[in-house]
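User: I'm new to reading protein models, and I'd like a close look at one part of this one. Could you walk me through it and then zoom back out?

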Amino acid sequence: MSPRPGFVLDVDRSTPPTLFWHGERFSLETLPVGSRVIYAPEPIEPLADPSAAIRAALLDPVGDRDPLPALLFPGMTLTIAFDDISLPLPPMERPDIRQLVIEQVLDLAAAAGVDDVELIVALALHRRMTEPELRHAIGDRIYDAFAPHGLLTQHDAEDPDALVHLGLTDEGEDVEINRRAAESDLLVYVNINLVAMDGGHKSVATGLASYKSLRHHHNPQTMQRSRSFMDQHRSELHSANWRMGRLIADSGVTVFQIETTLNNDTFPGAFQFLQKREWEWKARDRMGYLATSKALDRTPPRYARQIFQSVKSPHRMTSVQAGEVEAVHALTTDHVWAQQGVVVQGQTDILTMGLPYISPYNVNSILNPILVACLGLGYLFNMYRGKPLVREGGVLIMTHPTPWEFNPVHHPSYIDFFEQVLSETTDPVEVADRFEESFATDPWYIHLYRTGHAYHGVHPFYMWYWCAHALQHLGGVVIVGGDPAAVHRLGFRAASTLADALEMAQDVVGPSPTLTHLHAPPILMADVQ
Amino acid sequence: MKSLVFERNLARFAAARVASVLGSGRGAGIGPLRLLEGDPPELPGPDWFPLRPLLSGICGSDLATLDGRSSRYFEDMVSFPFVPGHEVVGQLDEGGVDHAGRALEAGTRAVIEPVLGCAPRNIRPLCPECSTGHTGLCGNVAFGDLGPGLQTGYCTDTGGGWSTGVLAAHASQLHAVPESFTDEDAVMVEPTACAVHAALSAGVADGDVVAVVGAGTLGLATVAALHQLIRPTRPCTVMVGARYAHQRELAGSLGADTVVAPDQLARAVRRRAGSLVLAGRLTEGADVVFDCVGSSESVTLALSMVRPRGRVVLVGMPGRVSVDLAPLWHRELTLVGAYAYGDESSGDRSPDDGPRRSFDLAIGVVEAAGLGQLVSAAYPLERYEEAIAHAGAAGRRGAVKVVFDLRQSKGTVR
């Protein structure tokens, strides 16, 4: 039986309560009659033989690019860059796609007599990955072959000797990327394209870039002009990356792009009810919900977090394409939409969403308040094509505990950003103008980024810029069940129940509002007509 | 007259100490403090004048004494029984003479500089400290014509401010209050003088980053003193760690550039100084830190955020604290006390640069900053248990300075 497409449910009196994520917990909420609930498509069939598909993609690339074996020769320098810990979400069960792809690239390189091979984690300004995380991503065999010899490195955007400035785009944007990657005879980039934003020229132009380069598109103005950044053709973020990517290509950097897509089979057995439609829950699902909810209610947040951090997703590969960047990415985007796209008729006054425990920037960490904002207003709000799900001036209601809590190892500059910047202003433009440079050049943050496992000092600014389009568009944001102090610091309103939040929202949008609930994860993209 | 009298009673002393575990000031009713009828103190000599208290503040050192948390260091500098109250504005019903030898008419309001050094003790010649104006450092506070007592409010012979009668004030202690001052302004002069002394003796330089730990009365007065006396000639950045919202608001209005919660102060200083962090301490940091709390935690915090060769000034009265001094040794820090007041001309001020006494300077700071606003509640003496409990929980209850109102009113609790 083929998987069913996405679905928009009209809530009536017989509709059972709807599942809302609430961090490491969830609840069942009764939505007003007439509300809509958007469900993701069911997981599409994965590739039957991923290894064979990878091999086929490497041997039969798309676009103006020779098959990989033809690009490999003895004495050449080969660099393989790959996506970092932020992908996929949640981390997938072993073997990770990166391992499967890189193993085959290395086999071909070995067969061609290539012996100058280095692997680079394309982490941009993200935190460095730990050894267990790297082993999970690329497998023990690759790790043990490369890491002890210094041939597996993590991109360092603050090492001037490891960067090379390739020039300026037509718009005057600096293009400065990893020197080893730029100066190799061939750069292979291995992507996991979880959402439509991932991949394309963004892989190299962002993943291997420096702050000097990133600041040209990671800023409030770019994000406000990206409607949305999940829609490449209406995304200024992508336009900038494409300009940079083309300059990189024109500079003589040969990129062999490999992109992969996943189905949205997101949660393993015990949590399968999380990705089912509530009216189709069977006794086992209801038992699973009850048992999990009760257990989590009795579990201190710290341990609940550990439980969820141990969850490995069963999602499987649905496509792999390789070759020239733009040709590859066009195919990839189609595959992403095939899995995630849902047609939705019209906008809504109030958009609700339950925020889960994880975002791209808190894998094995805490979803701090800034990341809560980014997950809701940055990511989920932007999961649209056409128009935002919520109308201009509408209200976004999110459910999440939003604790005033940070991981000091991963997010040191977030703490200062939250305490010292958001206490003065929440306007992304003012935030950028007044504070960005001092955080970006702070020697302590740079030290922690380069030597520890800290996100770069400027990273919380990017998270706030990610919210810029939503902040400009929305009439209000309410967080249900959040720490009031933390919620207020974000500039949002706190409500203790969904009913209270709906009343507060009506103060903004007026009586008898329309309401739509985004039932994610699993990830979905709304094609708003 | 009615007075609150602190008696030497070990059983009640122990009871207060136990009760203070529940919160500072909670043991006032069962401790060694009692409300008694009594006679006014005899004037110890010809230069003494009766001063009728109008308002008298409850200080952190008073609370420490009442709670039994004071350092035993002070045991020999106190004589029992005594009437507490060293933050006093009163009225000279019979007139008097002030510290500079000026006659004061009957009815003049005055504040007292409570240190009981050589002059009030009739010790001649003056000790080296008193002879140079540094009366706070006088070593004769247990000798001479008076019983032991480092200040009015700890000496059995002088009485104290927590009384509806009078206390004995020596001419060297008296400072007339400007006509424009409210009593609330005036009662803030003594704690402000402590802050003035601390601010002027800290060696703050042009462009320095200055951190203030704590924003109770002393912390806020220190911010005001820095803003009024230091910044006009040596612009500096003042960063404050304040626990409560009202304290943060006041610190900002008194001139602080940055006001954060205490646990955020080190991070804010680090950001301002562009410092790295090593062994839990800033490699660069504040040039001067004023510790206006005096606890193990506050001293540790201050030492962690001061730059190498920087200065930590203890403004709040510390007791026995536990602090790792390795960083002090390794980073060549200066840890210095700032007690009371005196002559400031040997500090940061030149002799010709206006007033010289901390008290006179404090009067100017109180006026310029409007520090009378820090008086949050006034209680009649009969409600001393409530008053002391309020003072002990001042921050939590949205207050700063709690005072006794001795003006035959019923007090006003804001």
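How many helices and how many strands are there in chain A?

Analyst: Quick housekeeping: residues are numbered from 1 along each chain as its sequence is written, while chains are lettered from A and ligands numbered from 1 in the order in which they are written. This is a predicted model, where local features need pLDDT of at least 70 and side-chain atom pairs count only at pLDDT 80 or more, though totals for chains, interfaces and linings use all residues.

Chain A has 21 helices and 20 strands.

Now for your helix. Helix 13 of chain A covers residues 325–340, which makes 16 residues. From first C-alpha to last, helix 13 reaches 22 Å, close to the 22 Å expected at 1.5 Å a residue (the expected span is 1.5 Å times one less than the number of residues).

The buried residues of helix 13 are V325(A), V328(A), H329(A), T332(A), T333(A), H335(A), V336(A), Q339(A) and Q340(A). Here "buried" is 20 or more other C-beta atoms within 10 Å of a residue's own, "exposed" is 12 or fewer, and "partly exposed" is in between, with C-beta atoms placed from the backbone. If you look down the axis of helix 13, these buried residues fall within an arc of 165°, so they line one face of the helix. That arc is made by the directions from the helix axis to the C-beta atoms.

What does that face meet? A contact here is two residues with C-beta atoms, placed from the backbone, within 7 Å.

In the loop between strand 19 (515–519) and strand 20 of chain A sits P521(A), and a cis peptide bond with omega about -5° joins A520(A) to P521(A). A cis bond also links L87(A) and P88(A), with omega about -15°; P88(A) is in the loop between strand 5 (77–82) and helix 3 (97–111) of chain A. For background, most residues other than glycine have a negative phi, and most peptide bonds are trans.

T402(A), which isn't glycine, has a positive phi near 45°. T402(A) is in the loop between strand 16 (390–399) and helix 15 (412–421) of chain A, and T402(A) is buried, with 30 other C-beta atoms within 10 Å. Over in chain B, R309(B) has a positive phi near 65°. R309(B) lies in strand 16 (residues 306–314) of chain B, and R309(B) is exposed, with 10 other C-beta atoms within 10 Å.

Let's zoom out to the whole of chain A. Its C-alpha trace spans about 70 × 55 × 45 Å along its principal axes. A compact globule of 529 residues would have a radius of gyration near 24 Å, and chain A has 22 Å, which agrees (taken over C-alpha atoms; the globule rule is 2.2 Å times the number of residues to the power 0.38). Buried residues make up 56% of chain A. Of the contacts in chain A with a separation of 6 or more, 80% are between residues 24 or more positions apart.

Chain A also touches chain B, a contact that takes eight residues from chain A and 10 from chain B. On the chain B side, helix 8 (residues 262–273) gives the most, with five residues. By class, that side has four nonpolar, three polar and three charged residues. (Ala, Val, Leu, Ile, Met, Phe, Trp, Tyr, Cys and Pro count as nonpolar, Asp, Glu, Lys and Arg as charged, and the others, Gly among them, as polar.)

Chain B itself has 12 helices and 20 strands, and 55% of its 414 residues count as buried. Its domain assignment gives domain 1 (2–187 + 371–413) and domain 2 (191–367), with bounds from an automatic or database assignment. The C-alpha centres of these two domains of chain B lie 26 Å apart.

Key. Helices (H or I, at least four residues) and strands (E, at least two) are DSSP runs, numbered from the N terminus.
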